[in-house]
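Keep the structure in view as you read.

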Amino acid sequence: MSLLLQLSDPHFGTERPRVAEALRAFAEAVAPDLIVVSGDVTQRARPAEFAAAADFLARLPACPRLVVPGNHDLPLFDLWSRLWAPHGGFRRCFGHERMPVLALPGLLAVGVDSTRRWRHKQGALASVQIEAVSRRLRRARPGQLRVVVVHHPLDVADAADEADIVRGAREAVGAWALAGVDLVLSGHVHAPLCRPLAGRYGPAARGCWAVLAGSALSTRLRGGHPNSVNLIRYAEVDGERRCRVERHDYDEERAEFRLAGAQVVVLGG
C-alpha cells in the first residue's frame, strides 16, 4: 500500500501554531510515503514566510516531498520581483524544477505550476505544460497510482468558486485522461472535494478524479470549512486499483486532526 499526505494552502504568515503542531503529530503518526503541498505555501511570498514553511516541512516525517507554488507564493506588492523574479523566494526553498516529478514503487506524482506573474489570483495551464505532463504520465509503470499536483483546481463544488477553475482545464483534463492520470490534487479554494471529473467534463474525463484539500494551517478559512488535510491510501488487490481518500479535519476541542470523511475510489473505470 502507498500512503500520500496532501497539504494545501498553509499560508505561512497566517499559520496557527497550535494547528501546525497538531499536523506535525498527525504526520508522524500516519508515516506517509509522500507529502504533497498543493500551493499557497505563504501568504505574501516574504522571505520569513518561506523560511517558516521550509522549517515546518523539514520537521515532518522523513519522506519525499513534492511542493508546487500557488498564487500567494508570488510577490504581490514587490512589483520588481513579481516582474523579474516571481518565483525567486519559492525556488530558493523548494527548488527550481517547474515540473517536479517523484516516482515511487507504488505511485507517480507530477507537479505543474499554474501560477502566472500577471495574474493576482487566477491560474492557467499552457499547452506545452499540459503535453509535458502527459508525456511523463504515459511513462508510468503498470500499477502505479498516477497523480498530478496543481494549485488551481480543475473542478469546484461551490458555484461561487467557478471563476477559480484553472484556465486550460478542459484541454488538460482531456490530455491527462488519455495519458492515464488517476487523481488531480489541488487547493486554492480552501474547500475539500473528491469527485470524478467526468461530472464536469463528460466522457473525455473518464477515470479521472479531482481531489481538493482545504487550508492546512491558516486562519484564512472559508465556507465554514475547518483546517483540514487529505490522506490518500492506494493499493492494488486482485487486479483492482483502489484509493481511499480521507479528509482529516482539525478538532478545536481535542487539538488534533481527526477523520471527518472518507471515499473509496475504484480506479481505471
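## A hidden cavity

The second largest cavity holds about 40 Å³ of space. On a 1 Å grid over the protein atoms alone, a cavity is a set of points where a 1.4 Å probe fits but cannot get out. Grid points are joined across faces, edges and corners, and the volume is the space filled by probe spheres set on the points. The count of cavities of 30 Å³ or more comes to two.

Which residues line the second largest cavity? They are Leu7, Pro10, Phe12, Leu23, Val37, Val41, Phe56, Leu57, Ala216 and Leu217, where lining residues have an atom within 4 Å of a point. This lining divides into 10 nonpolar residues, no polar and no charged. Here Ala, Val, Leu, Ile, Met, Phe, Trp, Tyr, Cys and Pro count as nonpolar, Asp, Glu, Lys and Arg as charged, and the others, Gly among them, as polar.

## About the model

This is a predicted model, in which local features need pLDDT of at least 70 and side-chain atom pairs count only at pLDDT 80 or more, while totals for chains, interfaces and linings use all residues. Residues are numbered from 1 along each chain as its sequence is written, and side-chain values use heavy atoms, with hydrogens and water left out.

## An open pocket

A pocket is an open set of points with protein on both sides within 12 Å along at least five of seven lines. The second largest pocket has a volume of about 160 Å³. It is lined by 17 residues, and Val67, Phe90, Gly95, Glu97 and Pro100 lie nearest its centre. This lining has eight nonpolar, four polar and five charged residues.

Strand β3 (65-68) gives the largest share of the pocket lining, four residues. Helices (H or I, at least four residues) and strands (E, at least two) are DSSP runs, numbered from the N terminus.

## Nonpolar cores

A nonpolar core is a set of buried Ala, Val, Leu, Ile, Met, Phe, Trp, Tyr and Cys residues joined through side-chain atoms within 4.5 Å. Buried means under 20% relative accessible area, exposed over 50%, and partly exposed in between (1.4 Å probe, protein chains only). In soluble globular proteins, nonpolar side chains tend to be buried together.

The largest nonpolar core has 31 residues, and those touching the most other members are Leu125, Leu137, Leu154, Trp176, Leu197 and Tyr201. Helix α6 (169-179) is one of the elements giving two or more residues to this core, and with six residues α6 gives the most. A second, separate core of 28 residues includes Phe12, Leu23, Leu231 and Tyr250.

## Paired strands

Strands β5 and β6 run parallel, joined by six bridges; two strands pair if DSSP finds at least two bridges between them. Valine 110 has valine 148 in β6 as its bridge partner. Five of the six residues of β6 are buried, so this strand is largely enclosed by the rest of the structure.

Histidine 11 has a phi near 50 degrees, a positive value in a residue other than glycine. It lies in the loop between β1 (2-7) and α1 (17-30). Is histidine 11 buried or exposed? At 0% relative accessibility, histidine 11 counts as buried.

Alanine 31 is not a glycine either, yet has a positive phi of about 50 degrees. Its place is the loop between α1 and β2 (34-38), and alanine 31 is partly exposed, with a relative accessible area of 45%.
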